[in-house]
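Biologist: I am new to this structure and would like a close look at one part of it. Could you walk me through a single residue and its surroundings, and then turn to the contact between the chains?

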Amino acid sequence: MNLQDIALGRLDWNALPILKAIENPTASELIGGGAAGVVIVGGLAVVILITWCGWWRPLWKDWLTSVDHKRIGIMYIVLSMIMLTRGVIEGALMRTQQAFGLDGGFLAPDHFAELFSTHGTIMIFFVAMPFVSGFINYIMPLQIGARDMSFPVMNQISLGLTAAGAALIMISLVIGQFSTGGWTAYPPYTGKVFNPGVGPDYWIWSVGIAGIGSTLSGINFAVTIYKERAPGMTLFRMPLFTWTVLCAAIILIFAMPPLTVATLMLAADRYLDFHFFTNDLGGNMMNYANLFWLFGHPEVYLLVLPAYGIFSEVIATFSGKRLYGYASLVYASLAISILSFTVWLHHFFTMGQGANVNIAFGIATMFIAVPTGVKVYDWMATMFRGRIRFSVPMLYATGFLILFVIGGLTGVILANPTIDYQVHNSVFLVAHFHNVLIPGVLFGLLAGYHYWFPKAFGFRLHEGWGFVAATLWIVGFAVTFFPLYVLGIMGLPRRSFSYQEAAFDPFTLVAMCGAGLILSALATLVIQLWVSVRGRDSLRVPVGDPWNGRTLEWATSSPPPEYNFAVLPQVTTRDEFAMSKANGTAFPTPDRFADITMPRNTALGMIMCIGGTLFGFALVWHIWWLALVALVTMLGSWVAGTFRTDRHRTIPAAQVAATHVAWLEQVATATPTTRDSEASSRNTGRAALDLPEISA
Amino acid sequence: MTAQTSSHPGMNLGDHHGEAHRTAETLVFGFWVFLMSDLIIFGLMFATYVTMLNPMGMAGGPGPKDLFDLNSAFIQTMLLLTSSFTFGMASLALRHEQGKGPLILWLIVTLCLGLAFLGFELSDFSKMLAAGATPARSGFLSAFFGLVPLHGLHVTAGLIWLIIMLIQIGTLGLVSPVKTRLLRLGLFWHFLDIIWIGIFSVVYLWGLA
């Protein structure tokens with residue numbers, strides 16, 4: 001072994017796709033090299049911009065080392081938006097390839113395989129998960145009247161590890177290539193024998209490192225909800241979003257370990273010559289399928305449950321009504337989180353379990369439609385006879401209700417093993433899970449983005465561009481994925497880069513046009529953000545309650561102070577804030593203020609982020625010394641942190657009082673905004689009472 | 001003293017510990033949740049072991065009867081169970097404020113028992129590896145070397161943690177973060193004991209049955 005091998009492992013110039021694109025300029029290579037170029041140029045542009053504006057200091061002091069749950073939440077969402085951009089572009093690229101797939105298209109088969117692998121991995125682990133975590137971080141402590149998470153530093157570490165996973169997947173675009181084994185990375189295909197390259201290793205470490213971060217998040221969320229609720233906030237007074245977060249947290253705690261086990265076993269097979277999943281010497285790849293889906297199925301519910309929570313908040317607020325069937329929604333969420341652990345086998349009905357096992361899991365799968373159906377009726381009943389304001393989040397909610405029911409029904413169809421045998425592994429399945437994940441999860445998150453944005457930044461998003469974006473998302477989704485149902489029944493297998501059947505052509509072309517609409521929906525979101533930031537002075541809502549909200553997060557300024565509430569609220573009922581507004585007891589002036597103790601900033605999260613990235617990168621390329629250095633640094637700084645004794649600082653009561661009194665003055669002088677002028681510049685965040693409806 | 005409030009499962013420090021007792025509620029509860037998550041990992045490793053404990057998993061390679069030394073496993077069991085007891089004594093010394101002396105003494109006894117356990121375990125492993133029973137030989141051995149050393153790794157982590165706590169008792173004194181860390185280390189140590197009982201029963205006894 002020479003020095004270069006020791007220093008750089010198996011890394012060499014051939015790992016750069018840009019060089020390959022120059023050597024062999026086919027369309028496929030050019031796209032790969034171009035993507036790498038975009039990552040490099042984009043990264044450089046960001047660095048230059050930050051240096052140019054002198055933002056390094058504030059970025060480090062106020063954001064990267066902050067343990068404030070609100071800032072961590074925003075950073076999660078920024079991360080997921082960046083990854084969403086890449087994921088959507090990849091999706092559109094795949095639709096385009098398939099539209100021209102009859103004559104082979106323009107992408108090499110391996111490149112296409114890489115695209116569907118990164119697209120799936122990114123969308124699940126680095127878009128949906130951080131987006132959901134971001135909202136949970138920002139909103140849940142506010143909703144329960146807490147000052148922060150139970151474990152603020154661990155919260156920062158979770159973000160760091162998630163970002164490390166995302167960084168690895170971005171690096172794979174520039175150095176080497178990602179896995180071609182799909183987002184599920186089934187062995188033996190991803191084993192050493194069939195896939196000796198770096199691709200599956202990139203998958204293992206990006207997903208594995210981020211997965212540990214998610215486990216820690218789950219623990220943090222659950223403990224926060226159990227232990228940090230404001231006085232009087234009993235479990236059955238919690239807002240529904242918080243309930244769904246609790247369910248999701250419980251799922252995270254139990255469902256992330258199987259992923260950790262599956263990825264580490266696969267790593268042991270690849271690195272240490274173990275035989276967990278190999279073809280020979282007693283390996284059993286069915287164990288992988290079981291382990292992976294023991295995580296994978298609960299995973300989709302842990303994504304969709306918080307989205308259900310967001311829709312519950314949005315629909316109640318914009319219907320001006322108490323949520324219908326609160327208790328049934330809570331029990332339905334709990335039932336879904338339990339059932340989510342009983343259905344994993346429906347992901348591989350055709351892998352030879354026998355009819356009786358299949359039918360048991362098929363029936364369990366169909367059962368999930370029952371609590372979900374309960375929820376859909378509850379949301380409709382909430383709207384029924386409400387005074388609905390048809391704002392942007394409501395447009396997403398409406399799109400969700402209609403499209404998600406269709407997606408759910410195709411799920412019930414697939415739950416029947418006999419039908420599954422016919423359409424499994426076809427694009428029918430692709431249509432189905434996009435039909436639940438896009439309207440279910442993504443629309444929920446985008447509705448929440450529009451709904452809570454003013455809380456986080458103190459100004460609203462532009463309504464008009466919001467309507468355009470929502471419409472484009474809804475229409476774009478339908479045009480892209482409904483043709484895939486037909487194609488699936490016609491027999492187009494999923495993950496095909498090419499096909500021989502001319503009859504597929506019209507449908508793949510329509511789907512490509514839909515992908516174009518989705519791309520423009522994404523562009524519209526960017527425009528909306530740009531327009532809103534430029535015009536923020538006319539969109540400001542400093543009082544903090546622009547939508548006549550019902551729950552505690554609206555009972556503080558926008559953006560909230562770092563300690564959230566000057567005095568912790570005393571909760572007496574569900575929909576506490578709506579009730580206190582109706583009773584005229586909202587915005588009370590506290591008798592006295594107390595000092596508030598908050599955790600100090602720490603660089604631990606960033607050390608974990610950079611260390612985790614280097615650790616994963618070193619393992620991918622077999623640079624053993626670097627892996628060891630990174631690991632020791634991470635563990636060492638963690639231990640060193642426990643020797644610190646000055647981990648808290650105190651905000652004096654006088655400062656809290658001054659901030660609070662200034663805000664109360666704004667509240668008192670603001671003109672209440674009626675429902676009709678909600679979207680106008682007259683809305684300063686003080687909502688006028690809507691109807692004398694709250695009479696519980 | 002009898003009307004103490006119990007703020008979390010397991011041994012409470014008690015109200016007379018003031019701040020440490022109050023902060024323990026969230027910290028120890030959080031640690032219980034972490035252990036629950038860790039237990040899932042072990043559960044899946046056990047399940048994998050059981051699915052590979054058959055001729056197909058052994059792929060013609062050596063099986064439990066060729067490899068396992070029940071005497072050594074029994075000694076390891078006794079060492080670990082005793083160390084759990086001595087850690088319990090350390091916890092009581094902490095709770096009843098018997099001063100640093102007895103606490104440090106019991107912790108050091110625990111440390112020695114833990115090291116002895118690891119010594120026996122490593123010697124077992126090296127004998128197996130020397131006999132050609134490496135994880136590369138069969139799925140069964142992969143499952144064995146996935147499960148038992150994972151527990152050993154946890155024990156190692158626990159011992160490092162214990163050494164760190166001994167240092168912190170010395171440098172920081174018995175301040176409340178140190179007390180609550182000792183509470184959590186105690187839970188971790190007893191947890192590893194329970195896992196080992198599973199390993200002794202499932203891996204060794206079932207394997208040799």
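Modeller: A:Asn155 sits in helix α7 (residues 152-174) of chain A, where helices are DSSP runs of H or I with at least four residues, numbered from the N terminus. This is a predicted model, in which local features need pLDDT of at least 70 and side-chain atom pairs count only at pLDDT 80 or more, while totals for chains, interfaces and linings use all residues. Residues are numbered from 1 along each chain as its sequence is written, and chains are lettered from A and ligands numbered from 1 in the order in which they are written.

A:Asn155 is buried, because 28 other C-beta atoms lie within 10 Å (buried means 20 or more such atoms within 10 Å of its own, with C-beta atoms placed from the backbone). Leaving aside residues up to four places away in sequence, A:Asn155 touches A:Val67, A:His69, A:Ile72, A:Asn137, A:Met149 and A:Asn220, a contact being two C-beta atoms, placed from the backbone, within 7 Å. With A:Asn137, which is 18 residues apart from A:Asn155 along the chain, the C-alpha separation is 8.7 Å.

As for the chains, the contact takes 30 residues from chain A and 30 residues from chain B. On the side of chain A that touches chain B, the elements giving two or more residues are α8 (199-227), α9 (240-272) and α10 (285-318) of chain A, and the largest share, 9 residues, comes from α9(A).

Terms used. Buried ≥ 20, exposed ≤ 12 C-beta atoms within 10 Å, placed from the backbone.
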